[in-house]
Amino acid sequence: MRPIPVESLRATLSNQPLEEAIYASTRRLMEKRAASIPEHLREDFQKWREQAHRIKRHTLENLDYYLELLEDRLRARGGKLVYARDGAEVARFITEVAKERGVRLVVKSKSMTTEEIHLNEWLEREGIETVETDLGEYIIQLAGERPSHIVAPALHKTRYQIADLFHEKLRVEREEEPEKQTLIARRVLREKFLSAGLGVTGANFVVAESGSIAIIENEGNARLCSSLPPIHIAVAGIEKLVPRARDLAVFFKLLGRSGTGQPLTVYTSLLTGPRREGEIDGPEEFYLVLLDSGRTKVLAEPRRRESLYCIRCGACLNHCPVYRKIGGHNYPWVYSGPIGAIITPQFHGMEKDWWLPFASSLCGACGEVCPVKIDIPRILLDLRAEAVREKIRSGEARLERLAFRLWAWVMTHPKVYEAAGLFNLALRDDESGWKDTVPGVFHAGPLKEWLRFRKLPAPPAKTFRDLWAARRQKEALEE
Amino acid sequence: MAGRVSLFVTCIVDQLFPRVGLAMADVLERVGWEVEFRRDQTCCGQPAFNSGYWDEARQVARHFLQVFADADYIVVPSGSCTSMITHHFEELFASDPAALEEVRSLRSRVWEFSQFLLEVAGVEDVGARFERVVTYHDSCHALRELKIKEGPRRLLRRVRGLELREMEIAEECCGFGGTFSVKFADVSGAMAETKIDSILRTGAEGVVSIDSSCLMQIRGALERRAPGVETWHLAEVLASQ
């Protein structure tokens, strides 16, 4: 199994500007979220979380039914549902449509699902220019990077870095004001919108009963992507379904607040099939591509199925003290933070990414803020146990397992425990206080790692049980 | 006597911070409870459980269940260990109905120290005096699994001579996380630094918490940066007169 990427973690931790950018941006998002759930809404907010959890559970437990319903309803509205087993199938479908219609330019709005399958790379390989139109996504596309945050993909970049990037890639005057940078991007992107032959978007929710997709956003670019080009293709995971349009209300309230601290995002679009007769805008053709790519595997695991309830708000990232230190790029997949730590090994297998569930202090902040009440801490623990089973099978945990077996033996034999004086044995010496080092042979493994950043308490001469026995003896004598 | 409590002195307290155990006993006796200590006790099993070694954790948890089977109240100087027993034992014994029965009967009798004082003993003023400026660190499992937030602060406010100054990020993790602190030593160390920044900004003389493991992490890092700043378990503050 692959080792923990210690060097890369260290590089991030010692990059001061990056550390500050991540910590400050996530802090802002935390504060905005808190401000959007004022005292008088707190009780309601908890009820919404429960309701959303129940809707997701119900939908996923009856997914076969809702998928068929969706397919019927979408067809009735002139749209077409396409199933894709993996990213390659999505890319193949979009390429075919583009080539048949002679499309050379695709505009895209922000979509984690297409990031997940590296759609842009597929299309570029086929000679189809693909342009990201969400500002953050556009920035990282220009930089040739991947998103470091589910909601704020360029969160790791400062405005000065963006000024350099625009200057170099777009050959414009160096501009450090975010508002002016936005205008530069807007000028470039308007041209792209007007000449694109195909628009690709994600979908925050897919409504089975009406065959609609719901997209929420703040920049309006998703609305342009889905209405200006003659063809609109939406790509979404199969877990994005909700039964009815009325179910959306609770999710909108949760998603805006949890993600960016907004009661509602600026644009909320409900799109149902292509343009119909008498309508003045909308695409001529509409396709909804539903992606599996590991999702049915997670669905089949009842203990961890709720990992699929995620609505990609990013709140667990913003509140995770580990994410806030290591940022998104240290996570192996586009999904970072606590949600990434639980879905990556489930989608990709334990082999490579076994260490992710261990990259957590189990503080529980993620579970507390998750708008759909995914019990992330419990799933982290569950995956840890699974990783250990896997390691034992592959013979990679011999020493660790021996250590825990020995520990369990000591802890179930009180006399041995007392004699062993567990911590004390290694560390006790005459000097009290906090120590920099431990004697020779013990300065290894866990103790060595601990001492790299912290001192250790010198163990006292007597344990509690010794002191307690002495105290009771003294009391008996006094009586 | 109000009744009898049995101490569960966690392995960290037993081995590294024995005075915390004694202080807890002092306070409980002072407010009228008879205190016993069962010498066969060892650990709750959390280190193995959190590391993915559930078989080993189960053995140790079963030992705990045996030791405390007939105790009226079990009082613990740790939110984390209390939560292991009251929140995670059930998962550990999910396929063992007999043990599950024992877990359920035990759960209502296991109390974190501050919660026991307020909710069972019904005391807020334990007659303590501690003339220091302190800040309070919310330990994660106490805060999020046991919902302990105001309780320890209420107890602290009744201590004579004590000034409580809140830090900005009292609820942010100190970075300990058990084996996390050695598996990801760099990240854990960086988390401790952030916590310490916030502690130092208060100008407090020390930090109070209800978990010795967090305090070991915070103090271990403080010793390198600001050796004058101290750490106290709530029990030590409340025992002081």
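Biologist: Which residue in S10(A) stands opposite A:Gly237?

Modeller: A:Leu291 does. This is a predicted model, in which local features need pLDDT of at least 70 and side-chain atom pairs count only at pLDDT 80 or more, while totals for chains, interfaces and linings use all residues. Residues are numbered from 1 along each chain as its sequence is written, chains are lettered from A and ligands numbered from 1 in the order in which they are written, and side-chain values use heavy atoms, leaving out hydrogens and water.

Biologist: What makes strand S7 and strand S10 of chain A a pair?

Modeller: Pairing asks for at least two bridges found by DSSP, and seven bridges join S7 (residues 231–237) to S10 (residues 285–291) in chain A, so they count as paired. They run parallel. Strands here are DSSP runs (E, at least two residues; helices are H or I, at least four), numbered from the N terminus.

Biologist: Why are S1 and S3 of chain A called edge strands?

Modeller: The open parallel sheet has six strands, in the order S1-S10-S7-S4-S2-S3. Strand S1 (80–84) and strand S3 (129–132) of chain A each pair on one side only. Neighbouring strands are turned by 25° against each other on average, direction ignored. Helix H4 (residues 63–76) of chain A packs on this sheet, touching S1 and S10 (contact means heavy atoms within 4.5 Å), and its direction makes about 140° with that of S1(A). Such angles run from 0 to 180 degrees between N-to-C directions, with axes fitted to C-alpha atoms, for helices over the stretch in contact.

Biologist: What makes A:Arg452 and B:Asp186 a salt bridge?

Modeller: A side-chain nitrogen of Lys or Arg must lie within 4 Å of a carboxyl oxygen of Asp or Glu. Here the closest N and O atoms are 3.1 Å apart, so the pair qualifies. Across the interface of chain B and chain A the rule finds 13 salt bridges, and over all chains the count is 72.

Biologist: How many residues does each chain bring to that contact?

Modeller: Chain B brings 65 residues and chain A 69. The buried area (accessible area with a 1.4 Å probe lost on putting the parts together, summed over both) is about 6300 Å², with 63% of it from carbon and sulfur atoms. B:Gln15, B:Arg39 and B:Tyr53 supply 12% of what chain B buries against chain A, more than any other three residues.

Biologist: Why is A:Lys47 with A:Glu43 also called a salt bridge?

Modeller: Their closest N and O atoms are 3.9 Å apart, which passes the salt-bridge rule. Both residues lie in helix H3 (residues 42–61) of chain A, four residues apart, about one turn of the helix.

Note on methods: Buried area = accessible area lost by both parts, 1.4 Å probe.
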